[in-house]
Amino acid sequence: MKQTREVLRLHLLTGLSSRKIQGATGVARTTVQDYIRRCEASGLTDEEMNRLDDDALRVKLFGERKHPAPESSKVMPDYNVIHQELKQSRKDKTKVTLMFLWEAYKAQYGEEAYAYTQFRVYYRRYKQKLNPSMRQIHVAGEKLFVDYSGVTLPIYDRKNGTVSQAQVFVAVLGASGYTFVHVTPSQRQEDFILSHVLAYEFFGGTPQVVVPDNLKSAVIFHDKKHGLVINESYAALARHFGMRVEPARPYKPKDKPKAEQGVQAIQRYILAHFRHQKIFSVDEANEKIALLLERYNNKVMKHIGKSRTELFEELDQPQLRPLPANRYVYEQFRKARVNMDYHITLEHCHYSVPFTYLKEEVEVRYSTQHVRIYHKNTIIATHPRLRISGETSTLHEHMPQEHQYVHEKMNPQRLRSWAKGIGEYATVFVEDAFEAVEHKANAYRRIVAVLSLAKTYGHSELNLALMYATKHRILKVKSIVSILDKKLYLQTSANNTHYRTDTLFDTHENLRGADTYK
């Protein structure tokens with residue numbers, strides 16, 4: 001439902017036309033129009049949409065699901081071939097017409113062929129997609145073009161003398177050409193989004209549309225197979241600033257001419273200044289670039305007679321939208337599935353959710369400070385961000401009551417019963433694992449992983465290994481697997497001839513071994 005929500009958000013908040021919404025989301029215009037009609041018919045508001053989860057919103061808009069309309073039984077002509085035939089005809093002067101090609105197509109497919117009128121309609125649509133070159137007209141305050149410079153900036157390390165290549169982010173407003181430049185260590189998503197936030201603060205407002213290139217920090221897919229799929233963190237940035245994203249088509253630099261021109265100008269006017277200088281940090285680079293950027297924007301353009309700063313103050317600045325009251329906080333997005341211990345795992349740390357969501361798929365949104373967990377667009381848990389691998393954040397209200405354990409797929413009683421069937425030291429291991437955590441549920445996965453080894457190694461071998469693990473206070477699953485593989489519970493010390501490895505059968509103090517008879 002994410003695409004549906006984005007279409008409705010742009011319609012309800014900005015009142016954009018269906019064509020512009022199509023460009024921003026990649027959703028077909030007829031589908032956009034259908035969503036808008038359903039939205040208006042249901043009386044849906046933006047506040048209500050944010051309040052409803054995915055299932056409720058689907059029912060609100062679509063009601064009961066209907067069977068899709070059957071596809072046309074007609075055979076679509078290969079218009080690539082037809083277009084080439086017509087081009088070749090004009091070149092060779094053979095006088096091949098569209099009617100002639102339709103008659104050949106009709107003779108081949110008979111009743112399965114389209115009529116001549118529909119044949120012409122589809123050919124006209126095909127020609128409209130052939131991308132004729134045209135001069136773009138930029139509306140004041142409408143578009144911001146962003147791109148990275150192909151020329152990087154060397155950053156020298158004072159300590160070891162190594163050189164890293166910093167990336168140069170360039171943002172250009174369409175109408176005025178007013179430019180912002182920011183140097184970052186990489187093109188990673190956090191750096192990419194930080195450059196956007198600083199650019200909007202530099203401009204003092206936000207445009208209606210941002211036009212990025214198709215790098216992974218902005219666009220996941222932009223092709224015929226997948227359509228337009230925006231990176232979720234980048235989409236969240238656009239929602240925060242009330243903008244829409246219209247990426248340039250792959251390998252189509254004419255879609256973002258301002259960015260191409262801006263990058264070229266920055267390379268010649270600013271980056272060229274550093275050709276004989278050594279820069280020792282990204283911060284130093286940004287400080288020096290800020291001075292040169294002011295000169296660049298204030299430079300009078302001969303063909304216009306005004307500077308970019310003057311054009312910005314006249315054209316773009318009055319039309320920019322004001323910045324939101326709260327600064328954007330960068331968040332990453334990830335899918336996760338709730339484990340049997342009603343926790344999800346994020347970067348080797350564990351966070352609880354209400355136990356009723358066992359095995360459900362959830363969406364995790366996390367920043368440097370917090371972790372928020374959503375189920376069908378409804379928030380179900382919030383935690384502070386953990387940093388130490390293996391740490392667990394468990395909220396008491398997420399835990400089931402003792403009498404509710406019967407509703408869990410896994411519970412302490414079941415694990416104890418399972419361990420008792422394996423052996424004495426399996427039971428000891430389970431109790432030690434429970435004592436090592438604050439909440440018993442946090443030990444479920446470790447216990448299940450260890451007890452499941454009985455299927456591979458057998459009950460006796462696992463019990464011997466757990467006896468060895470208990471003696472050496474070992475609880476890690478990998479370590480116990482290593483004990484089983486190496487059979488450490490059977491080995492004796494090469495440096496101590498009197499060393500004995502305990503087994504299940506030598507716990508009686510009066511039992512005598514081979515050493516007694518030496």
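## Two residues with positive phi

Lys-359 sits in the loop that runs between S13 and strand S14 (361-366). The model is a predicted one. In it, the phi angle of Lys-359 is near 70 degrees, a positive value in a residue other than glycine. Most residues other than glycine have a negative phi. With a relative accessible area of 42%, Lys-359 is partly exposed.

Asn-377 also has a phi near 70 degrees, again positive in a residue other than glycine. Its loop lies between strand S15 (370-375) and strand S16 (378-384). Asn-377 is partly exposed, at a relative accessible area of 28%.

## The second largest pocket

Sorted by class, the lining holds 18 nonpolar, nine polar and 17 charged residues.

## Cavities

The model contains two cavities of 30 Å³ or more.

## The open sheet S12-S13-S17

Three strands form an open sheet in the order S12-S13-S17, and their pairing is mixed. Strand S12 (343-346) and strand S17 (392-393) are at the edges; each has a single partner strand, so one side of each is left without a neighbour in the sheet.

S12 pairs with strand S13 (residues 349-352) in the antiparallel sense, over four bridges. Within this pair, Thr-345 has His-350 in S13 as its bridge partner. Strands of a sheet pair through backbone hydrogen bonds, either parallel or antiparallel.

## Strand S1 and its partners

Strand S1 (residues 143-148) is mostly covered, with five of its six residues buried. S1 pairs with strand S5 (residues 209-211) in the parallel sense, and three bridges connect them. In this pairing, Lys-143 stands opposite Val-209 in S5.

S1 is also joined to strand S3 (residues 163-173), here by five bridges and in the antiparallel sense. The bridge partner of Leu-144 in S3 is Leu-173.

## Thr-179 in strand S4

Thr-179 belongs to strand S4 (residues 179-184). Its relative accessible area is 0%, and because buried means under 20%, Thr-179 counts as buried. A polar atom of the Thr-179 side chain lies 2.8 Å from the backbone oxygen of Gly-177.

Leaving out residues up to four places away in sequence, Thr-179 touches Val-170, Ala-171, Val-172, Phe-202, Phe-203, Ile-266, Leu-293, Tyr-296, Asn-297 and Arg-308. Among these, Val-170, Ala-171 and Val-172 fall within strand S3 (residues 163-173).

## The chain as a whole

The chain has 19 helices and 17 strands. Of its 518 residues, 42% are buried. Among contacts between residues at least 6 apart in sequence, 60% join residues at least 24 apart.

Definitions and conventions. Residues are numbered from 1 along each chain as its sequence is written. This is a predicted model: local features need pLDDT of at least 70, side-chain atom pairs count only at pLDDT 80 or more; totals for chains, interfaces and linings use all residues. Side-chain values use heavy atoms; hydrogens and water are left out. Ala, Val, Leu, Ile, Met, Phe, Trp, Tyr, Cys and Pro count as nonpolar, Asp, Glu, Lys and Arg as charged, and the others, Gly among them, as polar. Two strands pair if DSSP finds at least two bridges between them. Buried means under 20% relative accessible area, exposed over 50%, partly exposed in between (1.4 Å probe, protein chains only). A polar contact is a pair of N or O atoms within 3.5 Å; within protein, one must be able to donate a hydrogen and the other to accept it, and residues adjacent in sequence count only if both atoms are side-chain atoms. Contact means heavy atoms within 4.5 Å. On a 1 Å grid over the protein atoms alone, a cavity is a set of points where a 1.4 Å probe fits but cannot get out, and a pocket is an open set with protein on both sides within 12 Å along at least five of seven lines; lining residues have an atom within 4 Å of a point. Grid points are joined across faces, edges and corners, and a volume is the space filled by probe spheres set on the points.
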